[in-house]
Amino acid sequence: MKTSSFTQSITGFGLGLALVATTANADDTGVLYTTDNASAGNHVLVITRTGGAMGVTGTYATGGLGLGKANGLGSQGSVLLSPDSHWLLVCNAGSGEISVFETLAGGKLQLTDKVGSGGGQPLSLTLSGSLLYVLNAAANGSNDNVTAFHFGCGNLTMLPGSSRSLSAASTTPTQVSFSRDGDALVVTEKITGLIDAWLLGHDGMAMDYQMFMSVGTWPFGFAVGRGNRLFISEAAAGAVNGSSVSSYELSDSGGLAVISGKVPTEQTAACWLVLTCDGRYVYTANAGSASISGFRVQAHGSLELLNNSGLPAKTGMHPADMAFSHDGDELFSLNNGDGTISAFGIKSDGSLEPKSGLSGLPTTAAGLAAW
């Protein structure tokens with residue numbers, strides 16, 4: 001273990017970025033991606049980790065516009081890294097577009113495509129093989145929707161007739177994701193409290209639309225685990241210490257059955273949720289409590305809070321999107337309330353150990369992907 005203490009400033013794209021590192025591990029390397037979500041022009045910010053220290057090493061214009069709103073987009077999955085980490089896909093919510101970048105050596109990016117998203121405000125992306133779905137919050141009075149694209153060689157082609165409306169024109173949708181087997185599509189609608197599900201045909205088209213009422217108020221972020229189990233955070237309209245997490249099983253017919261209903265986080269506004277690669281632990285970023293709650297996933301998919309307070313770790317203000325390192329040993333949260341990233345090592349019992357983070361990011365930042 002190598003230890004260092006220093007402060008570094010990085011400029012060159014209108015940001016003063018302060019980096020404070022206290023503990024560095026030579027094996028602790030990787031790249032994180034987020035966006036500044038700027039209304040004058042959206043950019044991807046590349047954050048490299050070397051020996052445990054974080055620093056912004058590049059900024060790349062998406063060719064589109066962000067919303068420029070404080071605290072980001074209020075969605076999960078607006079920045080997506082392909083499973084082979086060779087492609088980065090980004091939502092431009094302000095201009096209704098998706099940008100595609102090729103990831104190059106040294107954390108560099110090259111823009112390869114930009115296309116209309118099929119709706120007013122793209123907020124979330126999900127990829128299965130060569131099939132991409134985008135979740136759009138319509139800005140023109142029509143219903144919120146999901147739209148499909150074929151993805152290949154760094155280019156996106158919209159599938160004609162693939163757009164499917166959500167339950168209403170303004171549902172405040174938060175996330176879209178494929179099921180684990182890729183045979184179904186799931187969306188959370190925050191304001192309506194609905195969970196939408198479609199089965200997918202061999203051509204990738206969504207069909208057999210079903211709607212389910214969430215057992216908790218304001219379903220937000222979610223992850224899909226083994227056996228097509230869904231783990232969904234519930235923000236509870238920001239009620240103090242009122243948020244929760246529920247688990248469901250998604251059937252082959254697209255139905256949902258509750259496994260654990262409304263398990264309390266003991267925190268406020270649990271919005272973003274991630275599941276470890278081994279399926280053992282679920283973490284929620286609690287925007288109102290500046291914290292992360294952890295849950296143990298039992299063999300049959302039920303949930304158990306890791307400790308009585310549900311508070312394995314404190315973060316910066318308004319933790320938003322979260323991402324794991326490529327080896328699954330670290331967890332990162334983008335805190336766009338104060339423009340920081342918090343980093344944690346994941347212990348064998350699921351508890352989180354604070355590590356060196358980053359400050360100086362814009363409070364409009366949205367989305368987080370990591371390798």
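These legends accompany close-up views of a predicted model.

**View 1. Strand β21 pairs with β20 and with β22**. Start with strand β20 (residues 229–234), which runs antiparallel to β21 and is joined to it by six bridges. One place to look is Glu234, whose bridge partner in β21 is Ser244. β21 also pairs with strand β22 (residues 256–264), again in the antiparallel sense and over six bridges. Here Glu249 has Ala257 in β22 as its bridge partner. Strand β21 itself, residues 244–250, is mostly covered, with six of its seven residues buried.

**View 2. The hairpin of β21 and β22**. Five residues lie between the two strands of this hairpin. Have a look at Gly254 in the turn, where phi is positive at about 90°.

View 3. The whole structure holds four aromatic pairs. Trp87 belongs to strand β7 (residues 87–92) and Phe151 to strand β12 (residues 145–152), so the pair ties together parts 64 residues apart in sequence. Trp87 is buried at 14% relative accessible area, and Phe151 is buried at 8%.

**View 4. Trp198 and Tyr209 are stacked**. Their ring centres lie 4.8 Å apart with the planes at 10°, which is why the pair counts as stacked. Because Trp198 sits in strand β17 (residues 194–200) and Tyr209 in strand β18 (residues 206–213), the pair links parts eleven residues apart in sequence. Trp198 is buried, at 2% relative accessible area, whereas Tyr209 is partly exposed at 32%.

**View 5. Lys190 sits over the ring of Trp218**. The charged end of Lys190 is 4.6 Å from the centre of the Trp218 ring.

Technical notes
Residues are numbered from 1 along each chain as its sequence is written. This is a predicted model: local features need pLDDT of at least 70, side-chain atom pairs count only at pLDDT 80 or more; totals for chains, interfaces and linings use all residues. Side-chain values use heavy atoms; hydrogens and water are left out. Buried means under 20% relative accessible area, exposed over 50%, partly exposed in between (1.4 Å probe, protein chains only). Helices (H or I, at least four residues) and strands (E, at least two) are DSSP runs, numbered from the N terminus. Two strands pair if DSSP finds at least two bridges between them. Rings of Phe, Tyr and Trp (its six-membered ring) pair if their centres lie within 6.5 Å; planes under 30 degrees apart count as stacked, over 60 as edge-to-face and the rest as tilted. A charge sits over a ring if NZ of Lys or CZ of Arg is within 6 Å of the ring centre and within 35 degrees of the ring normal.
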